[in-house]
Amino acid sequence: MGWKGTLRSVSSELKRQSREAEKRHRQQQKEIDREEALEIVQQQEEFLHSIISLHHECRASFDWNSVEPQKPNNTQPLTDQAKAKLENFKPNFVDRILRIQDWRKKKLEGKIVSAKLSDEKNNVKALENYESLKHEWDKNQCLAKRLRSDGNAAIEALQESLDIKDLPIGKDVQIEMSDEMQIDVNLKVLPYEDVVPEEIYSLRQSGALSIKKMPKGKGLELYQDHVCSALLRIARETLGVMPADIIRANAVVNAVSTQTGHLEDQIIVSAVVARDTLNKINLSKIDPSDSLSNFVHNMQFRKTKGFESVDKVSLS
């Protein structure tokens with residue numbers, strides 16, 4: 001092959017390698033785009049789950065119905081076990097041959113002394129734990145008595161505990177209390193456009209990112225579950241702070257009134273939440289909007305239009 005043929009072969013080989021390199025680059029970029037698309041889809045799925053699972057957690061944890069701790073009795077289980085081993089000790093053939101039965105007996109007697117010391121330490125720890133629990137229980141009982149009798153103290157405690165600036169459940173919360181110490185919690189929830197994304201992401205078969213407009217029906221259902229989840233969360237927080245059996249929780253949104261055409265605060269969900277009922281619900285498994293059927297409530301929701309304004313449900 002002459003030098004011209006060699007040059008053509010080298011040129012052809014370089015072009016082939018360049019095409020393969022470009023093909024590999026396209027494939028690598030495709031993998032990168034697929035991973036980025038998957039991450040975007042997963043992030044949105046996590047966000048959508050988070051806005052309808054607000055009720056899964058609760059910061060307040062007072063157990064107002066807890067039973068008074070009982071002072072423990074001094075016990076000596078380790079000492080009794082050690083004594084039983086000494087009483088049941090019988091020298092065997094090897095003990096008699098080696099004449100170590102007295103040594104073994106003294107060793108068992110020494111274990112009784114050690115067991116007594118361990119039992120004493122355990123009894124001291126049990127008493128210290130009891131005193132700590134009793135102190136906390138007494139403090140909670142005094143607080144409960146004060147909150148039940150002093151409306152101003154109750155509202156102050158609630159306002160301090162229900163600071164929702166660091167919680168994505170709403171804009172503000174206001175507490176009202178009647179002379180009969182009936183608690184009304186008004187949660188100003190975020191409007192639809194601040195909660196539900198305008199677009200929904202998914203993966204095409206090719207792995208590419210698909211971006212579509214959020215279907216109106218799906219968006220409204222997400223918002224309904226979000227509002228109900230936020231309402232359950234604020235009810236949990238309130239009952240965690242207050243020694244009340246029931247409260248009324250109201251979701252309020254600033255929206256255009258169909259009567260006046262102006263922006264007004266409107267109640268869109270109102271529910272009387274009973275502590276006993278709430279405690280029986282497996283909150284991690286429920287659909288938030290469906291779960292309101294466990295409580296006396298007012299809610300008007302249309303799949304094509306969303307929430308409508310309602311009155312507060314009666315507490316009586």
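This is a predicted model: local features need pLDDT of at least 70, side-chain atom pairs count only at pLDDT 80 or more; totals for chains, interfaces and linings use all residues.
Where is the place of E35 in this structure? E35 sits in helix α1, which covers residues 3-51, and here helices (H or I, at least four residues) and strands (E, at least two) are DSSP runs numbered from the N terminus. Residues are numbered from 1 along each chain as its sequence is written, and side-chain values use heavy atoms, with hydrogens and water left out.

With a relative accessibility of 55%, E35 counts as exposed, where exposed means over 50% relative accessible area, buried means under 20%, and partly exposed is in between, using a 1.4 Å probe and protein chains only. Together with D33, E36 and E39, E35 forms a negative surface patch. Such patches take residues with over 30% relative accessible area and no salt bridge, like charges being joined within 9 Å and nonpolar side chains (Val, Leu, Ile, Met, Phe, Trp, Tyr) within 5 Å. Asp and Glu count as negative, Lys and Arg as positive, and His and the chain ends are not counted.

Staying with D33, its C-alpha atom is 8.1 Å from that of G207, although the two residues are 174 apart in sequence. G207 belongs to the loop between β3 (199-203) and β4 (209-213), and at 9% relative accessibility G207 counts as buried. Helix α1 also holds I40, which is partly exposed at a relative accessible area of 33%, and whose C-alpha atom is separated by 8.3 Å from that of L209, 169 residues away along the chain.

Let me turn to the salt bridges, of which the structure holds 6; the term means a side-chain nitrogen of Lys or Arg within 4 Å of a carboxyl oxygen of Asp or Glu. In one of them, the side chains of E176 and K312 meet at 3.7 Å, N to O. That pair links distant parts of the chain, with E176 in strand β1 (residues 172-177) and K312 in the segment after β8 (306-308), 136 residues apart. Both are partly exposed, E176 at 41% and K312 at 30%.

K312 also forms a salt bridge with D184, where the closest N and O atoms are 2.8 Å apart. Because K312 lies in the segment after β8 and D184 in strand β2 (residues 183-188), this pair ties together parts 128 residues apart in sequence. D184, at 5% relative accessibility, counts as buried. E176, D184 and K312 are linked with R248 in a network of salt bridges.

Another salt bridge joins E308 and R302, with the closest N and O atoms 2.9 Å apart; E308 is partly exposed at 27%, and R302 is partly exposed at 44%.

Finally, why can helix α7 be called largely enclosed by the rest of the structure? The reason is that 21 of the 26 residues of α7 are buried. As for its length, the 26 residues of α7 (residues 216-241) should span 38 Å at 1.5 Å a residue, and its end C-alpha atoms are 38 Å apart, which agrees; the expected span is 1.5 Å times one less than the number of residues.

Definitions and conventions:
Accessible areas come from the Shrake-Rupley method with a 1.4 Å probe; for residues, only the protein chains shown count as cover. The place of a charge is taken as NZ of Lys, CZ of Arg, CG of Asp or CD of Glu.
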